[in-house]
Amino acid sequence: MNLSHFYHAIAGAALLTASMANAADIIPLPSTIAKGETAYTFPAEATFIVPAYEGDSIATLFTLIQPAIEKNAGTKLTKGTEAGDIILKTNPALSAEAYTLEVKPEGIVIEASRPAGFFYALQSLRQMLPAVASAAPATIETVTIADEPRFGWRGFMLDEGRHFFGKDEVKRVLDIMAMYKLNRFHWHLTEDQGWRIEIKKYPKLTEVGATRKSKSLGWRKMDPDTITYSGFYTQDDIREIVRYAKDRFIEIVPEIDIPGHTQAAVAAYPELLACDPENPHEVWLMQGVSRDVMNVANPAAVQMAKDIIDELEPLFPFGYLHLGGDECPTDKWEANAACKALLDSIGSTNYRDLQLDFYRKLTDHIAAKPADKQRKLIFWNEVLHGNTNLLPLNFTIMAWVGADAAAKEAAQRGLTTILTPQIPYYINRKQSPLSGEPLSQGSGTETLEAVYNYVPMKDVPAELTDKYMGVQGNFWSEYVITPEFLEYLMLPRLAAIAEAGWTPQAKRSYDDFHKRIRTHEDIYRANDWNYGRHAFAKEACTKCAGHTAE
């Protein structure tokens with residue numbers, strides 16, 4: 001396991017204040033938490049005990065985090081045999097991600113049934129440790145926590161089709177996710193404006209599709225620039241990042257958006273993918289939705305999609321694959337003789353059904369694989385506009401536009417669903433209406449409070465709740481070019497989404513969350529994570545939304 005980057009970040013959280021951390025400042029707020037009236041002081045030399053587990057994974061996990069605990073707690077840890085100051089115990093009665101954490105005057109006891117539970121317990125302990133390492137052993141409050149997540153899917157999506165951030169920044173994003181107990185990284189790797197993943201059978205997808213003639217994207221009166229812009233991940237890069245995520249108990253869900261949002265791919269292989277291969281095609285330089293989509297009536301295009309799926313499967317071992325399905329214009333299909341004939345052959349007059357017929361062919365291809373190589377498919381909720389009877393009911397709807405209604409419709413049809421509401425969970429949008437806010441989408445109504453106050457599954461009938469897998473924040477990068485701007489818009493709003501995914505709704509309160517998130521500013525600064533300052537000062541600065549009044 002390679003966790004050095006992450007645990008270096010943990011150690012960095014202990015740089016700023018020497019005061020004892022408040023156990024109630026944990027984010028996401030635990031299911032139950034009871035503060036004691038006493039404290040525990042680490043001895044200068046402490047012992048720890050970890051249970052035996054297949055592959056020694058719990059021991060490995062603790063050993064890798066050990067240096068950070070030693071530094072933050074001001075102690076030297078050695079492995080004990082019969083008694084310990086930090087004791088980890090397996091408890092088979094707990095669910096896979098659940099844990100209990102008890103800090104008593106005589107020591108710390110953590111129980112979980114699986115490594116993930118121990119990992120999340122250690123994230124809570126991390127937030128309880130003092131913020132500055134010192135020569136003297138640290139003191140922390142006594143507390144009893146029994147905790148488990150509300151939802152199994154607690155996600156964040158990053159769009160790198162429009163702008164490419166690279167391995168180091170993706171790892172920083174994964175570190176942030178791990179601290180807040182998020183467990184699904186939805187990686188949007190292809191777009192009209194760029195194809196960002198190496199596919200060995202189709203090298204021009206990156207040779208051509210990963211480069212465009214403008215760094216910034218044109219929109220309305222804003223023209224593209226003339227700066228050549230490029231970037232993609234090799235398959236070795238992908239494997240490295242997948243391992244990095246898995247070490248943090250995060251599963252990666254790749255998205256290859258087809259048949260819409262594919263102008264970069266069409267530019268790379270117009271002879272296979274274009275509805276009009278006789279016309280010129282280039283990687284798109286604009287924002288918005290391109291009308292240059294895949295020709296789903298061309299058997300070569302269908303085969304190319306199958307081949308891409310075959311290369312993705314060993315790279316991403318998690319059981320899900322996202323194939324997009326949003327915003328797919330049908331204009332070029334309507335003008336294409338082969339598409340017209342295909343639509344007639346499936347007995348439909350709705351061109352949206354060509355998209356679902358295309359997905360049916362890909363679903364059949366996946367279903368023919370051995371069980372360990374099959375993947376469940378996820379689509380954006382626009383696929384509900386077609387005849388979903390063309391598909392077996394084992395796919396998942398990611399609900400973004402009209403999210404609550406779309407998710408309920410999906411659940412009523414027997415489909416699982418994930419809530420990703422455009423408003424307010426698209427956290428690439430401006431987070432303040434102040435005039436100095438950097439240029440991005442929206443008008444600034446997606447504030448931290450608005451993000452926090454969204455209620456997942458509001459008014460959903462009890463008989464449908466088992467179809468709701470969880471929640472996810474999404475980040476689209478049309479205006480976002482730099483890692484610093486990415487983090488500025490992510491934080492602290494991602495923490496609000498994380499709490500919606502973890503904490504029982506009845507225990508959620510924005511006023512309480514706001515008090516707790518303010519204590520996390522030291523963590524952001526110590527790790528050199530950029531963030532929006534709006535929530536952290538007593539009085540907002542009216543001169544610039546990126547700063548706050550002293």
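Guide: What follows starts with one loop and then moves on to other parts.

The model is predicted, so local features need pLDDT of at least 70 and side-chain atom pairs count only at pLDDT 80 or more, while totals for chains, interfaces and linings use all residues. Residues are numbered from 1 along each chain as its sequence is written, and side-chain values use heavy atoms, with hydrogens and water left out.

Helices (H or I, at least four residues) and strands (E, at least two) are DSSP runs, numbered from the N terminus. I258 and P259 are joined by a cis peptide bond, with omega about 5 degrees. H261 is found in the loop between β14 and α7 as well. Its phi is near 55 degrees, a positive value in a residue other than glycine. Both features can be set against a general rule: most residues other than glycine have a negative phi, and most peptide bonds are trans. H261 is buried, with a relative accessible area of 2%; buried means under 20%, exposed over 50% and partly exposed in between, with a 1.4 Å probe and protein chains only.

The peptide bond from L491 to P492 is cis, with omega near 5 degrees, and P492 lies in the loop between α16 (483-490) and α17 (493-502). D528 is not a glycine, yet has a positive phi of about 60 degrees. D528 belongs to the segment after α19 (521-526) and is exposed, with a relative accessible area of 58%.

An α-helix has 3.6 residues a turn, so residues three or four places apart point the same way. Leaving aside residues up to four places away in sequence, D357 touches L342, I346 and L390, where contact means heavy atoms within 4.5 Å.

Aromatic rings are the last topic. The structure holds 27 aromatic pairs. The rings of F318 and Y320 have centres 5.3 Å apart and planes at 45 degrees, so this pair is tilted. Rings of Phe, Tyr and Trp (its six-membered ring) pair if their centres lie within 6.5 Å; planes under 30 degrees apart count as stacked, over 60 as edge-to-face and the rest as tilted. F318 and Y320 are both buried. For Y531 and F536 the centres are 5.3 Å apart and the planes are at 85 degrees, so the pair is edge-to-face; Y531 and F536 are likewise buried. One aromatic cluster is formed by F119, Y120, F249 and W502.
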